[in-house]
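Please walk me through this protein, strand by strand.

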Amino acid sequence: MLSPITVVQTETQAAAVIQITIPREKIQEVMGPAISEVIETVAAQGIGPIGPVFSHHFEMTPGMFNFEVGVPVSSPLKPTGRVKAGVLPGAKVVRTVYTGPYEKLGEAWDEFLDQAEAAGHRTAPNLWERYLTNPQENPDPATWQTELNRPVL
């Protein structure tokens, strides 16, 4: 289920990130450990996380994901292992919130982008998701909320 789409201006947010380029089918085995690594790193440095986990995809190509997984931080990160300083970009975006399991995110994106196009929005190739529900705190995937963001050209 998608909420109505909106257009908002986001602010640049300092973040700790891990850059990942993988075949699409590897996402479920790679993303969880990367999220844990980022969260453990910022917690050890006492700088976060100060907001939801996100994934920032630089472009969507068939069969491959080139993205960063990260969390917002309160102050500069000291790079550790794969965890580097990054940002969640400030941009004018078209946005919706998807409610449901992560396995249906691809379908939610398709529906969202169809709605955005029908509303006359031209969008950039990058996009990001913010995972508003922590599955460890709420085990019911039917209620998980993911914010979908696509910059507007």
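Predicted model: local features only at pLDDT ≥ 70, side-chain atom pairs only at ≥ 80, totals over all residues.

His-57 stands opposite Phe-67 in strand 4.

Strand 4 covers residues 64-72. How many of its 9 residues are buried? The count is 7, so strand 4 is mostly covered.

Strand 3 and strand 4 run antiparallel and are joined by 7 bridges. Together they form a hairpin, with 2 residues between the strands. Look at Gly-63 in that turn: its phi is positive, at about 85°.

Strand 4 also pairs with strand 2, which spans residues 13-23. These two strands run antiparallel as well, and 9 bridges join them. Find Ile-22 and look across: Phe-65 in strand 4 stands opposite.

While you trace these strands, keep one general point in mind. In a regular strand the side chains alternate between the two faces of the sheet.

## Strands 7 and 8

Now move to strand 7, residues 127-131. Strand 7 is mostly covered, with 4 of its 5 residues buried. Strand 3 is joined to strand 7 by 4 bridges, and the two run antiparallel. Here Ser-55 stands opposite Glu-129 in strand 7.

Strand 7 is also joined to strand 8 by 4 bridges, again antiparallel. Two bridge partners show how they line up. Trp-128 has Asn-149 as its bridge partner in strand 8. Arg-130 has Glu-147.

Strand 8 runs over residues 145-151. Why is strand 8 described as largely enclosed by the rest of the structure? Because 6 of its 7 residues are buried.

Strand 8 has another pairing, with strand 6 (residues 92-99). That pairing is antiparallel and extends over 7 bridges. In it, the bridge partner of Val-94 is Arg-150 in strand 8.

## Salt bridges

How many salt bridges does the structure hold? There are 5.

| Residue | Partner | N to O distance |
|---|---|---|
| Lys-26 | Glu-29 | 3.9 Å |
| Glu-107 | Lys-104 | 3.9 Å |
| Arg-130 | Glu-147 | 2.7 Å |

Take the pair of Arg-130 and Glu-147, whose side chains meet in a salt bridge. Arg-130 lies in strand 7 and Glu-147 in strand 8, so the pair ties together parts that are 17 residues apart in sequence. These two residues are also bridge partners between the strands. Arg-95 joins in too: Arg-95, Arg-130 and Glu-147 are linked in a network of salt bridges.

Is Glu-147 buried or exposed? Glu-147 counts as buried, because its relative accessibility is 6% and the cut-off for buried is under 20%. Arg-130 is partly exposed, with a relative accessible area of 23%.

Now check the pair of Lys-26 and Glu-29. Glu-29 is exposed, with a relative accessible area of 51%. Lys-26 is partly exposed, at 34%. Lys-104 is partly exposed, at 39%.

## A patch of negative charge

Where do Asp-110, Glu-111, Asp-114 and Glu-117 gather? They form a patch of negative charge on the surface. Asp-114 lies in helix 2, which spans residues 105-118. Asp-114 is exposed, because its relative accessible area is 55% and the cut-off for exposed is over 50%.

## Two loops to inspect

Find the loop between helix 1 (27-44) and strand 3 (54-61). Pro-49 is found there. A cis peptide bond joins Gly-48 and Pro-49, with omega about 5°.

The other loop runs between strand 4 and strand 5 (84-88), and Val-83 lies in it. Is Val-83 buried or exposed? Val-83 is buried, with a relative accessible area of 0%. Val-83 and Val-42 are 41 residues apart in sequence. In space, their C-alpha atoms are 9.0 Å apart.

How values were computed:
Residues numbered from 1 in each chain as written. Heavy atoms only, no water. Patch = residues over 30% accessible without salt bridge, like charges linked within 9 Å, V, L, I, M, F, W, Y side chains within 5 Å. Areas by Shrake-Rupley, 256 points an atom, 1.4 Å probe, with all protein chains shown as cover. Salt bridge = Lys/Arg side-chain N within 4 Å of Asp/Glu carboxyl O. Lys, Arg positive; Asp, Glu negative; His and termini not counted. Charge placed at Lys NZ, Arg CZ, Asp CG, Glu CD. Buried < 20%, exposed > 50% of the residue type's maximum accessible area, 1.4 Å probe, protein only. Pairing = 2+ DSSP bridges.
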